[in-house]
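Trainee: I'd like to learn how to read a few features here. Could you walk me through them?

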Amino acid sequence: MAMKRNGKSPVSSESDEKVMFFKDVSLGPHATQLRFRLIHFWEARNPIKKTLIGLELLLIDELGTVIQGFIPPGRIKKYLPDMKQGSVYQLNNFYGSKNKPMYRVADHIATVSFTWNSEMSVLHEVPISFDEDRFRFHSYEDFEANCDLKGDLYDVVGHMKLVNGQTLIERPILDEVEIAASRRIMVHVQSHDGPVMKLYLWDHAATDFCKKFNSYENTPTVLLVTTVNTKRLGGTLALTSMSSTRLFMDYDVQPTKDYFTWLASNPEIANQVSAEVVTKREALTIAEIFSYMTQESAKDAFFECTATIDDVVHGSAWYYIGCSECHAKATKGATSLICTNTRCEKVNTTGVAQYRAKISVYDNSEQAFFVLLGDAGRELTGRHASELVTNYFEANEHKGADHEVPVRKL
């Protein structure tokens, strides 16, 4: 062992090069070398403006210590081409910045920030072993205690009860195009013999779940989700995915293998389903929904709201032409209709009329406008939007092609 010049941080010496362990990283500049495996990296964006803040990393060294890393947006192009999840690197020169207090994914007080003189290179021949990953599991009680605090993001492992409302007795059918368009999946998951929890997977996490779930020959039952955020929706604890979230199932990693073995030896736990928890929806007032929407980390969520319909808003379109595949809005191309969904982008889609009804509602707390899309409008009218549009134009053949269909009475 050798000492840094300031005498504060112990380092190991190999080939006359100073190598610092993560446990010794302090705040401030460091003209030394780190060696680590890149566990994961993801884009950090401003939740309101959606602008890129930088690239965040999760790193593990040879002692098994995990630390967060950060690359400012102006330096991403320099390092991104050589970055590959699971590879081992060495980094010369960095700055130890204070770990953020919100949505942390590692326990260390510092973050390894890449500076103007940082140099990172791949280690192709690694004489020492690095762990593949490191997880931070917490219990239901811990999630309850940290709910809505915007603090650390912990990992959860458990067995799935429902996937988008479908039981695992018969393999759930997951449509990748539909899920990519809706950007969400809801899973009821139970950790050992604890309460059943609602897990909301958004955007890339929903897409990754669908692809991984469909790729298994047998229906997967164990799910591990990293860095989940805890919220209370309508008085019920809910776990939501973040941009840093990763997914593992059944035999993907050692914790899922261990859990799968435990589940096989406790079949009575696997067969338990709490109907009350599974079917309960989050009932919120309009004021509570408004409050949730103002939060920085707010995303689409499933709520139940009881309100009185005050009026159907006139003067606005009550339907739109949607893609026949994903129901996103379709626009006119040169010779055909084009889907606007970036994950679908059908250039020759068939246009289908979809409801877009705007209604004014109120309850004892607030007044709001709700927009009813697709099947929600059909449930109120009992008829498909395409049927109403077709009937109207058949009865008004003398009208011009650009004539707009007036708002229907719901």
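This is a predicted model: local features need pLDDT of at least 70, side-chain atom pairs count only at pLDDT 80 or more; totals for chains, interfaces and linings use all residues.

Trainee: Which residue does Glu-62 meet in a salt bridge?

Mentor: Glu-62 pairs with Arg-35, at 3.1 Å from N to O. Arg-35 is buried, because its relative accessible area is 10% and the cut-off for buried is under 20%.

Trainee: Where do these two partners lie?

Mentor: Glu-62 sits in the loop between strand 5 (52–60) and strand 6 (66–71), while Arg-35 belongs to strand 4 (residues 28–45), so the bridge ties together parts 27 residues apart in sequence.

Trainee: How many salt bridges does the structure hold?

Mentor: There are 14. One of them joins Glu-132 and Arg-37, with 3.9 Å between the closest N and O atoms. That pair links distant parts of the chain, 95 residues apart: Arg-37 is in strand 4, and Glu-132 is in the loop between strand 9 (119–122) and helix 2 (140–145). Glu-132 is exposed at 57%, whereas Arg-37 is buried at 11%.

Trainee: And how do I look for empty space?

Mentor: Rolling a probe the size of a water molecule over the atoms shows where empty space is left. In this structure, the search finds two cavities of 30 Å³ or more. The second largest cavity holds about 50 Å³.

Trainee: What lines the second largest cavity?

Mentor: Its lining includes Phe-143, Lys-150, Asp-152 and Val-228. Strand 14 (residues 222–233) gives the largest share, three residues. By type, the lining divides into four nonpolar, four polar and two charged residues.

Note on methods
Residues are numbered from 1 along each chain as its sequence is written. Side-chain values use heavy atoms; hydrogens and water are left out. On a 1 Å grid over the protein atoms alone, a cavity is a set of points where a 1.4 Å probe fits but cannot get out, and a pocket is an open set with protein on both sides within 12 Å along at least five of seven lines; lining residues have an atom within 4 Å of a point. Grid points are joined across faces, edges and corners, and a volume is the space filled by probe spheres set on the points. Helices (H or I, at least four residues) and strands (E, at least two) are DSSP runs, numbered from the N terminus. Ala, Val, Leu, Ile, Met, Phe, Trp, Tyr, Cys and Pro count as nonpolar, Asp, Glu, Lys and Arg as charged, and the others, Gly among them, as polar. A salt bridge is a side-chain nitrogen of Lys or Arg within 4 Å of a carboxyl oxygen of Asp or Glu. Buried means under 20% relative accessible area, exposed over 50%, partly exposed in between (1.4 Å probe, protein chains only).
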